[in-house]
Structure formats: C-alpha cells, structure tokens
Amino acid sequence: MIEMDEELRRKKYRLVNRLIREGYLRSSRCVKAFLKVPRERFIWPGYESMAYHDSPLPLGDTGQTISAPHMCAYLIECLNLVEGLKVLEIGTGSGYQAALLAECVAPSDRDPDKWGHVYTIEINEELVEFAKRNLERCGYSNRVTVIRGDGSLGWPPQSDEEIYDRILLTAAAPTIPKPLIKQLKKGGYLVGPLGKGYLQDLVRVNKDLDGVVREENLLKVAFVPLRGRWGWIK
Ligand code: SAH
C-alpha cells in the first residue's frame with residue numbers, strides 16, 4: 001500500500017511538471033490546487049493506477065468521463081479564480097473538477113471565513129452519489145454543494161438573479177444556455193464548450209461591468225454533449 005502511494009505521488013509530480021512545461025498550469029494558485037486534490041480518489045474503481053495519466057477516463061458504464069488533467073488545468077487557469085468567489089459548475093461527473101475549483105476559491109490552508117463556494121449540478125443520479133461520496137471523503141463537503149438536476153437551467157432553476165462570479169460548463173452545448181448568462185454577475189466569466197460532433201469550440205464569455213456580454217473562442221476541445229432543456233438531448 002505504501003509503495004503504491006509513493007508511486008502515485010511520483011506520477012503526480014511528474015504530471016504537474018509536465019502540465020507546467022506544456023503551459024497548461026501557469027499560476028501558483030492552480031499548481032497548488034493540482035498538487036492538493038487527490039485525483040486517484042475521484043477515479044472509477046479499477047482505474048486508480050491511471051489517475052495521473054494525462055487522459056480522460058470512463059466513469060463506469062454511465063457513458064460519461066472524467067476530463068483529462070490538462071483540460072482540467074486549462075479550465076481553472078482560464079477562469080481567473082481568486083479566493084472568495086462563488087462558482088457554478090454544470091456537469092459534476094466525478095467531482096474532481098469541482099474539488100479543483102474549490103481549492104482555488106476556498107483553499108484548504110486558508111481561513112474558512114474568507115472561503116468562496118462551489119455549487120455543482122449533475123443530471124445523472126448515479127454520478128451525483130459518486131461525486132458526493134468522493135468530495136465528502138476528501139474533505140470538500142464544506143466548500144462544494146452537489147445538486148441533482150438540469151444544470152442548463154442554472155441554480156436555482158431559471159432564476160434571473162446575477163448570482164455567480166464564475167460559471168463552468170463541462171458538457172458541450174448548442175449555445176450558451178440563457179439562464180446561465182443571466183446568473184453570471186457583472187465582471188464575471190463563463191467558460192464552456194459549444195458545438196456538436198467530436199470537436200467543439202471552448203468559449204469564454206465575459207459580462208462586463210455595464211452588463212455587456214462578449215464571447216471569445218479559446219481552442220478546440222472534446223467534451224460529452226450537454227443534456228437537458230438547453231442541451232442536445234432533452
Ligand atoms: N467535470 C467532471 C466531468 C464532466 S463530464 C469531472 O470532473 O469529472 C460531463 C458531465 O455533465 C457528465 O457527468 C454528464 O452527466 C453531465 N451533464 C450533462 N448534461 C447535464 C445537465 N444538463 N445538467 C447537469 N449535468 C449534466
């Protein structure tokens with residue numbers, strides 16, 4: 001067991017060094033988050049030894065995947081996260097990305113009074129339970145709230161209030177769901193993939209202080225399709 005842990009630790013450091021070298025990890029905040037969160041504890045049973053391979057891994061037979069580490073790193077970097085922010089994630093999956101978000105806005109080694117919070121919504125019941133368990137045993141229940149439902153409607157569903165500083169969509173949508181744009185605060189960022197087929201466009205949306213929304217294309221990505229009211233599959 002000790003040997004296994006040591007081996008994983010080495011693999012983790014090697015992966016983090018590689019992500020820094022390749023430019024996916026750029027800030028000390030995100031490097032720290034990556035080193036802190038144990039990806040092996042968010043992996044579907046049987047795949048743990050592959051936790052620090054830079055590849056997506058299947059989440060049982062749900063047809064969904066935990067994103068590749070370089071993609072998780074890219075996403076937390078391009079959201080410009082700082083301590084204290086309120087973040088909404090659509091597509092909890094394993095809970096791993098939510099834990100990374102939590103380490104960025106509510107770092108384990110900081111005063112909980114200054115912590116932000118992560119709300120994450122998952123539509124697949126089996127994954128809601130899986131993610132809750134993973135987040136709980138890794139000590140994130142106080143910084144991450146897992147909600148079961150259609151995240152394309154935002155949270156609370158269809159609310160018109162500007163609630164979140166950052167929103168991360170981790171499944172590919174036809175267009176940015178309108179409720180999510182409404183729920184983004186002025187000065188906030190939303191990042192997510194748009195499009196159909198194997199490759200989609202990762203876009204970043206900024207709502208400026210006057211409420212004007214601008215979209216920029218970041219790169220081509222491969223995510224699973226978004227379901228629900230604003231998704232590809234209702
Ligand atoms: N962020 C995850 C991986 C996401 S995979 C991780 O770190 O492991 C995309 C997830 O989005 C899948 O689990 C899928 O079930 C979920 N999903 C798809 N459509 C959704 C919707 N409308 N609302 C909430 N979750 C959705």
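A pocket, searched for on a 1 Å grid over the protein atoms alone, is an open set of points where a 1.4 Å probe fits, with protein on both sides within 12 Å along at least five of seven lines; lining residues have an atom within 4 Å of a point. Its volume is the space filled by probe spheres set on the points, which are joined across faces, edges and corners. This is a predicted model, in which local features need pLDDT of at least 70 and side-chain atom pairs pLDDT 80 or more, while totals for chains, interfaces and linings use all residues. Residues are numbered from 1 along each chain as its sequence is written, and side-chain values use heavy atoms, leaving out hydrogens and water.

**View 1. The largest pocket and its lining.** The largest pocket holds about 690 Å³ of space. Of its 41 lining residues, Thr 65, Ser 67, Thr 170, Phe 223 and Val 224 are closest to the centre. Elements giving two or more residues to this lining include helix 3 (69-78) and strand 9 (213-221); helices (H or I, at least four residues) and strands (E, at least two) are DSSP runs numbered from the N terminus. By class, 21 lining residues are nonpolar, 15 polar and five charged, with Ala, Val, Leu, Ile, Met, Phe, Trp, Tyr, Cys and Pro counted as nonpolar, Asp, Glu, Lys and Arg as charged, and the others, Gly among them, as polar.

**View 2. The ligand and its shell.** Here the ligand takes the space of the largest pocket (more than half of its atoms lie within 2 Å of the grid points). Strand 2 (65-66), strand 3 (86-90), helix 4 (96-105) and strand 4 (117-122) each give two or more residues to the shell. In total, 24 residues surround the ligand, and Ser 94, Glu 122, Asp 150, Gly 151 and Arg 227 are the closest (a heavy atom within 4 Å counts as near). The shell divides into eight nonpolar, 12 polar and four charged residues.

View 3. Look for pairs of N or O atoms within 3.5 Å. An oxygen atom of the ligand lies 2.7 Å from a polar side-chain atom of Ser 94. A ligand nitrogen is 2.9 Å from a side-chain N or O atom of Asp 150, and a ligand nitrogen is 3.2 Å from a polar backbone atom of Ile 123. The protein buries 99% of the 580 Å² that the ligand exposes when taken alone (Shrake-Rupley method, 1.4 Å probe).

**View 4. Two backbone details in loops.** The peptide bond from Trp 155 to Pro 156 is cis, with omega near -10°. Pro 156 belongs to the loop between strand 5 (144-148) and strand 6 (164-169). Asn 80, a residue other than glycine, has a positive phi near 50° and sits in the loop between helix 3 and strand 3.

Notes:
Polar contact = N/O pair within 3.5 Å; in protein donor to acceptor, adjacent residues only side chain to side chain.
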